[in-house]
Amino acid sequence: MSKVLSELTDVLEARKQAAPDSSYVSSLHSKGLNKILEKVGEECTETILAAKDAQTDSSLNKELIGETADLWFHSMVMLSHLGLSSQDVLNELERRFNLSGLEEKASRNS
């Protein structure tokens, strides 16, 4: 799984340097963080709605997967714009792996 994320991270970094009229990712970067965050919010809402629909109709799982992929993609563009990557998120998830959710949440308040 991390191979796909790593390869996508490399593609996103390369596309940052492309001309905005030749790359969707580059066009997002050229519009700035607010536009990228707008897309993340839009994809988040679409994912939530797709999950609600899939809860009552499993034939809509494909749409939920597609919306989740869009959310992950735009979240990775956001991370890239801020000089971060999927590896940073994976490192944080790994750090949390042996903690219970309650322990992890409590550690944030310290």
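## Ground rules

Residues are numbered from 1 along each chain as its sequence is written, and side-chain values use heavy atoms, with hydrogens and water left out. As the model is predicted, local features need pLDDT of at least 70 and side-chain atom pairs count only at pLDDT 80 or more, while totals for chains, interfaces and linings use all residues.

## The largest pocket

Let's start with the open space. A pocket here is an open set of points on a 1 Å grid over the protein atoms alone, with protein on both sides within 12 Å along at least five of seven lines; a cavity is a set of points where a 1.4 Å probe fits but cannot get out, and lining residues have an atom within 4 Å of a point. Volume is the space filled by probe spheres set on the points, which are joined across faces, edges and corners.

The largest pocket has a volume of about 270 Å³. Its lining has 11 residues, with Leu5, Trp72, Met76, Ser86 and Val89 nearest the centre. Helices H4 (61-81) and H5 (86-96) each supply at least two lining residues, and H4 gives the largest share, five; helices are DSSP runs of H or I with at least four residues, numbered from the N terminus. The lining divides into nine nonpolar, two polar and no charged residues (nonpolar: Ala, Val, Leu, Ile, Met, Phe, Trp, Tyr, Cys and Pro; charged: Asp, Glu, Lys and Arg; polar: the others, Gly among them).

## The enclosed cavity

The structure holds one cavity of 30 Å³ or more, and the largest cavity contains about 40 Å³ of space. Among its lining residues are Thr9, Glu13, Met76 and Ser86, and H1 and H4 each contribute at least two. This lining divides into four nonpolar, four polar and one charged.

## Helix H2 and Ser26

In helix H2 (residues 24-31), Val25, Ser26, Ser27, Leu28 and His29 are buried, meaning under 20% relative accessible area with a 1.4 Å probe and protein chains only. The buried residues of H2 pack against H1 (2-16), H3 (33-56) and H4. At the start of H2, a side-chain oxygen of Ser23 comes within 3.3 Å of the backbone nitrogen of Val25. Gly32, with a positive phi near 95 degrees, follows H2.

Why does Ser26 count as buried? Because its relative accessibility is 3%. The Ser26 side chain reaches the backbone oxygen of Ala18 at 2.5 Å. Leaving aside neighbours within four places in sequence, Ser26 is in contact (heavy atoms within 4.5 Å) with Arg15, Lys16, Ala18, Ala19 and Pro20.

Note on methods. Buried means under 20% relative accessible area, exposed over 50%, partly exposed in between (1.4 Å probe, protein chains only). A polar contact is a pair of N or O atoms within 3.5 Å; within protein, one must be able to donate a hydrogen and the other to accept it, and residues adjacent in sequence count only if both atoms are side-chain atoms.
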